[in-house]
Amino acid sequence: MPVSQMGGLAARAAANFDYYAGVIGELHGRSFQVGDEFINYTLHKPVGVAGLIMPWNAPLMLSTWRIAPALAAGNTVVLKPAEWSPLTSTALARVLEEAELPQGVFNVVQGFGETAGRPLSAHPGVT
C-alpha cells in the first residue's frame with residue numbers, strides 16, 4: 001500500500017476500534033413487546049473464537065472492520081492475513097499487546113490459504 005494512502009487507512013482503523021469500544025455498553029439483552037401477542041428478546045452471548053481470513057488489499061483497515069466488533073462482543077480472534085501482506089497483522093498484534101489486551105485474545109496465523117486458512121476455517125471450535 002502506498003505510504004500516501006496509509007495515513008487515511010490507519011486513521012480509519014483506529015476509528016473502527018474507537019467506534020466499537022463505544023458500543024460495548026449497548027451489548028446486552030433486551031426484551032420488547034411486538035404487537036399484542038409476542039415478546040421478542042435479544043441476548044448478548046459471545047460466540048467464542050472468530051476466525052478471520054483477510055484479503056491482501058488494505059489489510060489494516062479491512063481487518064479492523066472485523067477484529068474490533070469481534071473483540072467488543074467478547075470473542076477471541078484468530079487472524080490469518082493474506083500471504084502477500086503479513087506485516088500489517090504482525091504490527092497490529094504488537095500494538096494490541098502494548099495496549100495490554102490479554103494474551104491469547106488476539107492471535108495471528110501466517111501462511112498460505114491451503115496450509116493455514118483451510119484448517120482455520122474447518123476447525124469446529126472456530127466461528
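This note covers the pockets and the nonpolar core of a predicted model.

1. Basis. Local features need pLDDT of at least 70, side-chain atom pairs count only at pLDDT 80 or more, and totals for chains, interfaces and linings use all residues. Numbering runs from 1 along each chain as its sequence is written, and side-chain values use heavy atoms, without hydrogens and water.

2. Largest pocket. Its volume is about 180 Å³. A pocket is an open set of points on a 1 Å grid where a 1.4 Å probe fits, with protein on both sides within 12 Å along at least five of seven lines; lining residues have an atom within 4 Å of a point. Volume is the space filled by probe spheres set on the points, which are joined across faces, edges and corners. The lining includes Phe17, Tyr20, Ile24 and Leu71. It divides into 9 nonpolar, no polar and no charged residues. α1 (3–23) and α2 (59–72) each supply at least two.

3. Second largest pocket. About 150 Å³ lies here. Among its lining residues are Ala93, Glu97, Gln103 and Asn107. The classes are 6 nonpolar, 3 polar and 1 charged. α3 gives the most, with 3 residues.

4. Leu96 and Leu101 line the largest pocket. Leu96 and Leu101 also line the second largest pocket.

5. Core. The largest nonpolar core has 14 residues; Leu52, Ile67, Val77, Leu79, Leu92 and Phe106 touch the most other members. α2 gives the most to this core, with 4 residues. Core members are buried and joined through side-chain atoms within 4.5 Å; buried means under 20% relative accessible area with a 1.4 Å probe, protein chains only.

Methods. Nonpolar A, V, L, I, M, F, W, Y, C, P; charged D, E, K, R; others polar. Buried < 20%, exposed > 50% of the residue type's maximum accessible area, 1.4 Å probe, protein only.
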